[in-house]
Amino acid sequence: LAAAFGIQPLKEETSQSSTLGFAWRPGNGFSLTADLYNIRIDDRIVLSGYVTPDGAPGCTDPAVCPARVLLEAVNVGAANFFTNAIDTKTKGVDIVAQYETMLANEAKVVFDLAYGHNVTTVVAINSQSSLLSPAALFDDAQVTLLEHGLPQDRGQVGFTYSQGRWRVNINNSYYGQVFGKGFGPEYHGRGKWLTDLGVNFKATDKLDFTIGGNHVFDVYPDEWEGGSPFPELGFVYGWETLPFGLNGGYYYARANFKF
């Protein structure tokens, strides 16, 4: 079916990238690194948008409704293909900082901070098919998913406190906003913070205990509004653009013993 639409066999992607890095370690327990990057990918392999029947129902003239004729010939209602359809450009920055210090009570404290920002842009859509225009092969919904389906901003703030047999770790992760519009109204997921917490006690060299939780504040993605009948079928949060899971908070108690 892909060949009938004029979709060629996949070929290798080609890419060009450039980076610029900076590192600073003044020697007082503080370190800072920053990396800038720019990546161009040509002939990127992507999944096309959905190709659906064109023309009026019952049309059998390939000159008038070629997509309908090809799809109905194999009893397919819609199809999509992996194809070298687009050229993209991604640019961004990653910054990581850490500070480590010892307190008067011989406790060790480590602070971690990380931030990443990147933007991906579709710079060209290339259709190999004479039957499918670039916009039909890789439609606006697919462009939105590629450019905004993953957060453009990611962050992390962590804290670790260690003293004697005790260790406490708190990690806060930030996922920026996302967009998608593959099914009905556009989905907008706002930026969210997720917090993990763990407390560890090392009873012996072989035995330790941990209590804690992931997503301890029970954070969920924003619910999907509209797009009937999908919410009625149980798709509360959509399925295209969710940067973190749907399980909410997870809490645990754990014992580890080394033989």
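1. Eight salt bridges turn up in a search of the whole structure (a side-chain nitrogen of Lys or Arg within 4 Å of a carboxyl oxygen of Asp or Glu). This is a predicted model: local features need pLDDT of at least 70, side-chain atom pairs count only at pLDDT 80 or more, and totals for chains, interfaces and linings use all residues. Residues are numbered from 1 along each chain as its sequence is written, and side-chain values use heavy atoms, with hydrogens and water left out.

2. Arg-40 and Asp-42 pair at 2.7 Å, N to O. Asp-87 also forms a salt bridge with Arg-40, its closest N and O atoms 4.0 Å apart. Asp-87 lies in strand S3 and Arg-40 in strand S2, so this pair ties together parts 47 residues apart in sequence (strands are DSSP runs of E, at least two residues, numbered from the N terminus). Shared partners join Arg-40, Asp-42 and Asp-87 into one network.

3. Asp-87 is buried, at 10% relative accessible area. Arg-40 is partly exposed at 31%, and Asp-42 is partly exposed at 24%. (Buried is under 20% relative accessible area, exposed over 50%, partly exposed in between; 1.4 Å probe, protein chains only.)

4. Asp-43 and Lys-11 form another salt bridge, with the closest N and O atoms 3.6 Å apart. Asp-43 sits in strand S2 (residues 30–47), Lys-11 in the segment before strand S1 (14–24).

5. The structure holds one disulfide (cysteine sulfur atoms within 2.5 Å). Cys-59 and Cys-65 form it, sulfurs 2.0 Å apart. The S-S torsion is about -95 degrees, so the disulfide is left-handed. Both cysteines are buried.

How values were computed
Helix = DSSP H or I, 4+ residues; strand = E, 2+ residues; numbered from the N terminus.
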